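Reader: I would like a close look at one part of this protein. Please keep to what the model shows.

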Amino acid sequence: MKASDLCLDCGLCCNGVLHPGLVIDKSKMHLFKSQKTTASFGVFIKQPCEHLDDCNLCKIYNVRPDTCQEYKCRVLKKVEKNEMTFDDAKTLINNLKKNPNDKSLKKKF
């Protein structure tokens, strides 16, 4: 398993659990129909993302904004650096999914 495989089972960065929203470049605003606020620096998109499907997969993965392509949570970074096992990361993800308001768990992401 690759560390990036964690993202396919997680979706916490897109469903609103970890972040209330994200800022994307104005050139990608056409991808979003709802919940957007335009500012001089870009477009703020409220979470949950309208492009996240029921299986935590991105429906616009191939054309997703740079912000999405470049984002890595702390858990993913730790797995990539072998500071956390894949299984421990999965357990942490599942625990936060069960308890999305647990601030001590959120701090680990």
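Leaving aside neighbours within four places in sequence, which residues is Leu-12 in contact with? Please set the answer in its surroundings.

Author: The model is predicted: local features need pLDDT of at least 70, side-chain atom pairs count only at pLDDT 80 or more, and totals for chains, interfaces and linings use all residues. Residues are numbered from 1 along each chain as its sequence is written, and side-chain values use heavy atoms, with hydrogens and water left out.

With neighbours within four places set aside, Leu-12 is in contact with Val-17, Leu-18, Ile-93, Leu-96, Lys-97 and Phe-109. Contact here means heavy atoms within 4.5 Å.

Leu-12 belongs to the largest nonpolar core, which has 18 residues; Leu-12, Val-75, Leu-96 and Phe-109 touch the most other members. Such a core is a set of buried Ala, Val, Leu, Ile, Met, Phe, Trp, Tyr and Cys residues joined through side-chain atoms within 4.5 Å. Buried means under 20% relative accessible area, exposed over 50%, and partly exposed in between, with a 1.4 Å probe and protein chains only. H1, H3 and H4 are the elements that give two or more residues to this core. H4 supplies the largest share, five residues. Apart from this core lies another, of eight residues, including Ile-24, Ile-45, Cys-49 and Ile-60.

Helix H4 itself covers residues 86-98, and its 13 residues should span 18 Å at 1.5 Å a residue; the end C-alpha atoms are 18 Å apart, which agrees. The expected span is 1.5 Å times one less than the number of residues.

As for the whole protein, there are five helices and three strands, in the order α-β-β-β-α-α-α-α from the N terminus. Helices (H or I, at least four residues) and strands (E, at least two) are DSSP runs, numbered from the N terminus. Of the 109 residues, 32% count as buried.
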